[in-house]
Amino acid sequence: MKLSAVALSCLLFLAHALTTAQGQAPARQIINDAIVEEDQAKKRDLIGSLSLQADDTIPGLLSAWSDGQYFLYTPPEGAPIAIELGAEKDAAGTAAVTKISDGQPLVDPAGQPVRLKADQLTSVKTNIGIRRAIKGVLDVLELGATDPVKRLQAAKTVGYSQALEKLPLLEKRLEAETDPEVLKGVKEAVGLVKIKSPDDKVKLEGFQLLQELQTLGSYDLITAGLKQAETANNPELVAAATAALKSVDSHRSFVNFFGTIFRGTSLGSILLIASLGLAITFGLMGVINMAHGEMIAVGAYTTYVVQNVFGAGLALSPFGFSIMIPGMHATGAWYQTYFLFALPLSFIVAAGVGILLERGVIQFLYSRPLESLLATWGVSLVLQQLFRLTFGANNVQVSSPVYLSGNWTINDIVFNWNRVFVIGFAILIVFGVWLILTKTPLGLLIRAVMQNRNMAACMGVRTNRVNMMTFGLGSGLAGLAGAFLSQIGNVGPSLGQTYIVDCFMTVVVGGVGNLVGTVVSAVGIGLADQSIQQILLNPVMGKVLVLLAIILFLQWRPAGIFVTRSRSLD
Amino acid sequence: MSLTTSTFFNNRRKAEIIIVGIIAILMIVVFPILNSNGVISNFTLSIWGKYFSFALLAISVDMLWGYMGLLSLGQALFFSLGGYMLGMYLMRAIDFNGIPPFLGFLGFKDSLPAIWQPFSSFPFAVAMVLIVPGLLALAFGFLAFRSRIKGVYFSILTQALTYGAYLLFSRQELRMGGDNGFTDFRTILGYDIRSDETQRTLYVITALTVLLTYIGLRWLNNTKFGLVQRAIRDSENRVLFSGYASAHYKLFIFVLSAMIAAIGGALFVTQVRIINPGEMTTVKSLEAVVWCAIGGRGTIVGPIIGAVGVNSLKSWASREYPDLWLFILGLTFMFAVLFMPKGLVGLPAQLKSYWAKWRPKDEPDPSPSPPGDDLAISDAVTETNAPSTSAPASNIASK
């Protein structure tokens, strides 16, 4: 702790030494004068004058002051000067001395560097007024910082505090600013500061500027401005403020609308990915696979294992056996690629489990759909308990690769990368499934067997094999969904339970045996859910209403959106 | 021949009445007496009370599934709704000026939300136990059967209904205790609900309810109504073509079974003394289906045997092997579905048919029947077939 403090002050010292090499004496001189100055008001003025200086060293120097690192030293002859002590002390407890005025070491008349002890000196006192003055300067100086993020932040700080005295500075910045985003921020700040102005004309300009900008953050301040204008009984200002408010409002509803559409589409994509496998096993094969959710969990856990294989390895202890999976200790970009390996692996593992399930249980129940529901529920209990015993009852951590975390903000609408990715991924999977079902020999066989199992068998199709492959495909898709859902939600033993009801609803609403229907219903349910949430601001009630809506919808179209017509009478 | 079969059925019926009578006297009279003498612990008695309330839930599943081919995954919802309705009365009976503590925390200091007002009356609460689940079943069933939703769709929709209700009841906004539900009951009708006598009385009431339900449904199944009910299970289209409005039958049974489940739930709450949304999940519905399937569906004894048997197994296994309990349940269930389609009740008949298949190899038919004796053979066939009553049951199995 102490060591790090020493190191830090060393660094600070070094930084000072470097900046002094560039030689920006005026700023340092002003600070020195301000420290030495006795009169508080003059002191603050001196500090305030720094805000017009273009010098990157000022923030560091001022912070050091408000942190109490400076001392006053009165040489044997002459006026007192401000100094800073070096971090390294010798045996006598003295340290090198730097003058604040120019950053050079303090020398005695003989030209030898002076060394002083801290307890012989008076440290420079600060009070709340000085600290406030320093803060004000620092805020404004940030406006000129080289980092655009810092500039934007500074502009926002100034704007929301509506500090009128900083208007000239902001306007100066407005001319110099090149970064479009920061420029917008500065403009907003100008507008916000202007509506605080006592001059009605400036106020009007401010409102007009804000009306043009339509920034969401300005809403509250415009409302306040509107109230003021109403009390001042100035119809022109009231009109301007109302117009600005309306404009911001319309922008807000625009953002909400498209934000809801985006979130709804991504939720729909999640539903789609999760229920596409079910659309195949339930929709095409007629098997009610209650263990579908657990297939999703298999995929998610596979991702977890792959992640740990790329990382530090994994120790598992199911049933008291201990299994050690060694890790590759990969780092950086190589570690980040784990997800790309996890995707196909989760498909393969889940497909394998699915094929086992089909061979072991489901093949005996094709003619008894309700009983396949019960038997697969038994399977789901067993699998859940297996997860619990192997990976623990708590959720496990699956980290997001860098390329899936982060977001774009376009026009105030936030696009999270993982949500964008999930939409793209859903499109890709649907396309892939469509290709498999319509363009491959396997797809042809699958469709034949699903339409009429007996007839297909008569034509020499090995229906057993086709059933196995189809169920494997459906389960594999569930696994793939699990790999993706591990990026979005929690991975735990009951992961599957959170999705199973939604998946069944999606498939039923879409119309059993119809992939297009599943796509439409997934996106539709996602959009409906998000819109209702947006209106009610209550996710649970939204979900309940969606369930209710689905039940009512099935009154109207009992067989779902797209009906597969057949003349058979069940 | 017809004489022999009818005497056989009469004997069978007599045997059934005798066996049921003995068990009923044992459970309803002997058991509580032994308990009051201290031979049977209070714990055992209360556990059996719980099993019997579960038996009602299992019967309600069976009425729909075993007798009508409708697998409802919403029975746990009706069960817990019944529990909640009586629970509201019990909460009011905890004497905090008639305001349940959790509502006090929500800011209801002086007055209650409107739905809580009338629940200080016991008869009202009991009526609600039947009316609320009954109305919900009526509304949902009307919608579902009108648009001919059946089979798997019906299961999925009832599952969704249960899930929605679960989400709703978990919220504090409903003023139903949120995730914690109701607990900490003190009195019922002025008696201390935790005292041995009250619990014994409640146990007797539960066991009696099971007996009455058994008798009532047994009677219903022997009426023409029961025949139509089973016909719907075996071929709904033929029933429709014969001019029966099958939707009405289904709706009646759906509402009836919802009420049976709700009574079970109300009795459950008085004895287990806790109700929360955790009872309202699809998983609980599926567990009830398990009891029914393992006991033997399409009979009324089956669900009772299943509920008591599986729950005893659960009590034992979750104590002895807590980690393995779900494995045991899951595997038992898979085994029962795959290999015992008729459950425990059907097991003797199943074994008998295996035995019949296996026996001829050892000792071939003693004497080939003389020509012209076809009648005798067909008699013999009906004789062997009739007792097993496997014909309708195997129909479901092969569906």
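Reader: What makes the pair B:D234 and B:R233 a salt bridge?

Author: Distance and atom type. The rule asks for a side-chain nitrogen of Lys or Arg within 4 Å of a carboxyl oxygen of Asp or Glu. In B:D234 and B:R233 the closest N and O atoms are 3.0 Å apart. That is within 4 Å, so the pair counts. The model is predicted: local features need pLDDT of at least 70, side-chain atom pairs count only at pLDDT 80 or more, and totals for chains, interfaces and linings use all residues. Residues are numbered from 1 along each chain as its sequence is written, chains are lettered from A and ligands numbered from 1 in the order written, and side-chain values use heavy atoms, with hydrogens and water left out.

Reader: Why is B:R233 called buried, and why is B:D234 called partly exposed?

Author: The relative accessible area decides. Buried means under 20%, exposed over 50%, and partly exposed in between (1.4 Å probe, protein chains only). B:R233 has 11%, so it is buried. B:D234 has 27%, so it is partly exposed.

Reader: How do you know that B:K250 and B:E236 tie parts of chain B together?

Author: Start with the contact. Their closest N and O atoms are 3.0 Å apart, and the two form a salt bridge. B:K250 lies in helix α10 (residues 246–272) and B:E236 in helix α9 (residues 236–241), so the pair joins parts 14 residues apart in sequence. Helices here are DSSP runs (H or I, at least four residues), strands are E runs of at least two, and both are numbered from the N terminus. B:K250 and B:E236 are buried. Elsewhere, salt bridges with shared partners link A:R368, A:E371 and B:R297 into one network.

Reader: How many salt bridges are there over all chains?

Author: The count comes to 10. One of them is in chain A: A:K543 with A:D502, closest N and O atoms 3.0 Å apart. A:K543 sits in helix α22 (residues 539–556) and A:D502 in helix α20 (residues 495–510), so this pair ties together parts 41 residues apart in sequence. A:D502 has a relative accessible area of 15%, so it is buried. A:K543 is partly exposed because its value is 22%.

Reader: How many disulfides does the structure hold over all chains?

Author: The number is 0. A disulfide needs a pair of cysteine sulfur atoms within 2.5 Å. Cysteines are present, though. A:C503 has 1% relative accessible area, so it is buried. B:C292 is at 0%, so it is buried too.

Reader: What makes a nonpolar patch on the surface, and which residues form it?

Author: Members need over 30% relative accessible area and no salt bridge; like charges are joined within 9 Å, and nonpolar side chains (Val, Leu, Ile, Met, Phe, Trp, Tyr) within 5 Å. A:F319, A:F321, A:I323, A:L386, B:L313, B:W316, B:Y321 and B:L324 form one such patch. Together they have about 750 Å² of accessible area (Shrake-Rupley method, 1.4 Å probe, for residues only the protein chains shown count as cover). B:L313 lies in helix α12 (residues 301–320). Its relative accessibility is 31%, so B:L313 is partly exposed.

Reader: What is the helix content of residues 122–145 of chain B?

Author: The span is 100% helix and 0% strand, with end C-alpha atoms 34 Å apart. UniProt's unreviewed entry lists 122–145 of chain B among its transmembrane regions; such annotations may be inferred rather than shown by experiment, positions use the numbering here, and feature names are shortened. For chain A, the unreviewed UniProt entry includes 466–485 and 505–528. Residues 466–485 of chain A are 100% helix, with ends 28 Å apart. Residues 505–528 of chain A are 83% helix, with ends 13 Å apart.
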